[in-house]
Amino acid sequence: MGIIVGTMALFVVLSVFSGLKVFSLSFTNEIDPDLKLTSTYGKSFLITPDQENQIKKIDGVASYTKIIEERVLFLFKDKQQVTYLKGVDSLYPVVNDIKKKLFNGQWLKPESYQVVIGYGIAQDFSMGIMDFENPLQIFAPKPGKGAIENPEEAFNKTEVLPVGIYSVSEDLDSKYVFADLGLTQELLMYKSNQISGIEFKLKENADENLIKSKLETIFKNKITLKNRAQLNASLYKMLNTENIAVYLIFTLVIIVALFNLIGALIMMILEKKGNLKTLFNLGTEIKHLRKIFLLQGTLLSFFGGVAGLVLGIILVLLQQRYELIMITPTLAYPVVFTLENVLIVLGTIISLGFIASLIASSRVSKKLLN
């Protein structure tokens with residue numbers, strides 16, 4: 001029973017953390033591309049028509065979008081905030097399905113002075129959409145060198161109209177203001193073919209390494225390429241660390257439960273001492289006597305683990321299907337059934353059960369029988 005309950009608990013908790021991992025990453029998946037290209041040697045780079053034609057010919061690339069990201073100052077009425085202005089072209093909603101995350105309003109029109117803001121920024125500014133009387137002002141530092149004599153001349157300024165509000169997560173809702181690529185280039189005094197990055201949407205089963213290799217060849221190894229996991233390296237690291245910590249904690253619970261197995265096997269060895277002595281006198285070797293209890297303990301661990309896994313799988317599938325346990329009235333505890341978790345739990349139980357049985361069976365010795 002101890003092994004069954006321990007196994008079930010370990011599997012359920014691993015499934016819950018797998019669900020939480022998928023749930024947490026779903027926020028970034030909505031706004032992060034499959035692959036992102038940036039310059040290795042500066043904030044921006046120039047892209048030629050020939051390079052664009054070569055990108056279009058790469059097998060495995062479904063679509064791509066050119067972007068510009070830069071920190072600028074936003075001013076609305078008497079409030080101000082420094083955050084990222086993200087200039088995007090007309091293909092951005094194709095690469096990143098951002099339209100599904102629009103909380104209010106609509107997506108911006110190409111070649112316009114419209115912007116889409118995050119829900120967090122809208123709250124900070126107490127701002128709505130389609131407010132023609134109070135436009136959102138953007139200030140971007142002018143490129144150049146030397147001392148600034150007139151602060152007013154140090155910035156490029158433009159006024160834009162918020163037409164939509166997106167909501168992804170608390171952090172991302174306060175990070176980006178989306179604007180047209182041409183408007184952003186004009187504000188930052190960029191050339192028409194000057195951008196800060198390219199975001200790619202890949203086809204299913206596309207060879208990511210091959211695509212990276214082709215892109216590096218096109219841009220002569222002057223670029224940095226990151227996939228979704230690399231773009232959110234700290235988040236992935238945190239989630240994996242939490243998963244390992246929980247696995248180790250519940251493995252400790254199973255180890256404590258296996259002490260009962262060790263104790264039960266030792267009690268059985270003492271109880272069957274007379275039978276063991278008879279077998280020994282008939283010529284059975286000590287190592288063969290030990291194998292009896294090693295096999296018994298391993299079988300107990302195996303069948304207890306299988307029974308616990310079956311119960312755990314039933315609980316996880318019921319939670320997936322019927323949402324029995326809720327975090328909030330509208331959000332169920334996320335759980336994910338994976339074969340990987342099944343193999344991890346079964347491997348843990350069998351290996352620890354074997355070690356526990358080996359420890360208990362080692363008590364069978366000539367000294368004990370004499």
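Met 130 lies in the loop between helix 4 (119-125) and strand 7 (136-141). In this predicted model, the phi of Met 130 is near 60°, a positive value in a residue other than glycine. Met 130 is partly exposed, with a relative accessible area of 35%.

**Positive phi values and loop positions**

- Lys 77 is exposed, because its relative accessible area of 56% is over 50%.
- Glu 323, the residue that follows helix 10, has a positive phi near 50°.
- Asp 97 is found in the loop between helix 3 (92-95) and strand 5 (102-105).
- With a relative accessibility of 34%, Asp 97 counts as partly exposed.
- From Asp 97 to Met 268 the C-alpha to C-alpha distance is 63 Å, and the two residues are 171 apart in sequence.

**Salt bridges**

- The whole structure contains nine salt bridges.
- One of them pairs Asp 34 with Arg 228, with 3.0 Å between the closest N and O atoms.
- This pair links distant parts of the chain, since Asp 34 belongs to the loop between helix 1 and strand 1 and Arg 228 to helix 7, 194 residues apart.
- Asp 34 is partly exposed at a relative accessible area of 22%, and Arg 228 is partly exposed with a value of 22%.
- Lys 36 and Glu 69 form another salt bridge, in which the closest N and O atoms are 2.8 Å apart.
- Lys 86 counts as buried because its relative accessibility is 2%, and Glu 199 counts as buried because its value is 1%.
- Lys 36, Glu 69, Lys 86 and Glu 199 are linked in a network of salt bridges.

- Helix 8 (residues 233-271) has 39 residues, which at 1.5 Å a residue should span 57 Å.
- The end C-alpha atoms of helix 8 are 56 Å apart, so the model agrees with that expectation.
- Buried residues of helix 8 include Tyr 236, Leu 239, Val 246, Thr 251, Ile 254 and Ala 257.
- Further along helix 8, Leu 258, Leu 261, Ile 262, Leu 265, Ile 266 and Ile 269 are buried as well.
- The elements that cover these buried residues include helix 1, helix 7, helix 9 (273-281), helix 10, helix 11 (339-361) and helix 12 (366-369).
- Helix 10 (residues 286-322) has 37 residues and should span 54 Å at 1.5 Å a residue; its end C-alpha atoms are 54 Å apart, which agrees.

- Gln 185 is part of helix 5 (residues 181-188).
- A relative accessibility of 9% is under 20%, so Gln 185 counts as buried.
- Apart from neighbours within four places in sequence, Gln 185 is in contact with Ile 68, Tyr 190, Lys 191, Ser 192, Asn 193, Gln 194 and Ile 195.

**The largest pocket**

- The volume of the largest pocket is about 770 Å³.
- Its lining has 32 residues, and those nearest the pocket centre are Asp 32, Lys 175, Tyr 176, Leu 231 and Asn 232.
- At least two lining residues come from each of helix 1 (2-29), strand 1 (35-39), strand 3 (61-76), strand 4 (79-88), strand 11 (197-202), strand 12 (223-227) and helix 7 (228-231).
- Strand 3 gives the most to the lining of the largest pocket, supplying four residues.
- By class, the lining of the largest pocket holds twelve charged, eleven polar and nine nonpolar residues.

Definitions and conventions
Residues are numbered from 1 along each chain as its sequence is written. This is a predicted model: local features need pLDDT of at least 70, side-chain atom pairs count only at pLDDT 80 or more; totals for chains, interfaces and linings use all residues. Side-chain values use heavy atoms; hydrogens and water are left out. On a 1 Å grid over the protein atoms alone, a cavity is a set of points where a 1.4 Å probe fits but cannot get out, and a pocket is an open set with protein on both sides within 12 Å along at least five of seven lines; lining residues have an atom within 4 Å of a point. Grid points are joined across faces, edges and corners, and a volume is the space filled by probe spheres set on the points. Ala, Val, Leu, Ile, Met, Phe, Trp, Tyr, Cys and Pro count as nonpolar, Asp, Glu, Lys and Arg as charged, and the others, Gly among them, as polar. The expected span of a helix is 1.5 Å times one less than its number of residues. Buried means under 20% relative accessible area, exposed over 50%, partly exposed in between (1.4 Å probe, protein chains only). Contact means heavy atoms within 4.5 Å. A salt bridge is a side-chain nitrogen of Lys or Arg within 4 Å of a carboxyl oxygen of Asp or Glu.
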